Amino acid sequence: ARDSDTLLLRAHDIVSPEHWESLQGDTAVWDGGHFAIHKAGDNYAVGSKKASIRLNFYFSNHVGILVAVSLLAIAGFAYLTRRIVIKLRKKNHGETGAKK
């Protein structure tokens, strides 16, 4: 509303029987003159459906799973790095390597 008087007037108008009874639990947009009602469905989605946002939401609600996935990723990276280092050592320094 433009000011508090307009807000008070509009609030009294919206609770009048001709407007209030036409709501019927649905959503409405009202600018003081035009009253538009929309029937809401059973299911609706709000916001973005990007995979990164969904994952962020999921892991923020399940921190334990995030920690477990992170530890598995670090362990997998360490294993692969070790395998690569072993292969490079065998390739460059022979099959057995120099053990002392």
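Let's begin with the surface: in this predicted model, the accessible surface of the protein comes to about 9200 Å², and 61% of that belongs to carbon and sulfur atoms. Accessible areas here come from the Shrake-Rupley method with a 1.4 Å probe, and for residues only the protein chains shown count as cover.

Two quick notes on the numbers. Residues are numbered from 1 along each chain as its sequence is written, and side-chain values use heavy atoms, with hydrogens and water left out. As this is a predicted model, local features need pLDDT of at least 70, side-chain atom pairs count only at pLDDT 80 or more, and totals for chains, interfaces and linings use all residues.

So what is pLDDT? It is the predictor's confidence in each residue, from 0 to 100. The protein averages 81, and 78% of the residues score at least 70. Among the elements, strand S2, residues 35-38, has the lowest mean pLDDT, 71, while H4 has the highest, 95. Keep in mind that where pLDDT is low, the predicted coordinates should not be read in detail.

Now the layout. The protein has four helices and two strands, in the order α-α-β-β-α-α from the N terminus. Helices (H or I, at least four residues) and strands (E, at least two) are DSSP runs, numbered from the N terminus.

How much of the protein is buried? Of its 100 residues, 7% count as buried, meaning under 20% relative accessible area; exposed is over 50%, and partly exposed is in between (1.4 Å probe, protein chains only). Contacts tell us something too: among those with a separation of 6 or more, residues 24 or more positions apart account for 0%, where contact means heavy atoms within 4.5 Å.

Let's walk along the chain. Thr6 lies in helix H1, residues 4-14, and is buried because its relative accessible area is 14%. The side chains of Thr6 and Asp3 are joined by a polar contact of 2.7 Å. A polar contact is a pair of N or O atoms within 3.5 Å; within protein, one must be able to donate a hydrogen and the other to accept it, and residues adjacent in sequence count only if both atoms are side-chain atoms.

Next is helix H3, residues 51-61, where we find Leu55, which is partly exposed at 46% relative accessibility. Leu66, in helix H4, is partly exposed as well, at 35%. From C-alpha to C-alpha, Leu55 and Leu66 are 9.9 Å apart in space and 11 residues apart in sequence. For Leu66 and Asn56, 10 residues apart along the chain, the C-alpha separation is 9.8 Å.

Finally, H4 itself. Helix H4 covers residues 63-93, 31 residues in total, and reaches 44 Å from its first C-alpha to its last. That is close to the expected 45 Å, which is 1.5 Å times one less than the number of residues. After H4 comes Gly94, with a positive phi near 95°.
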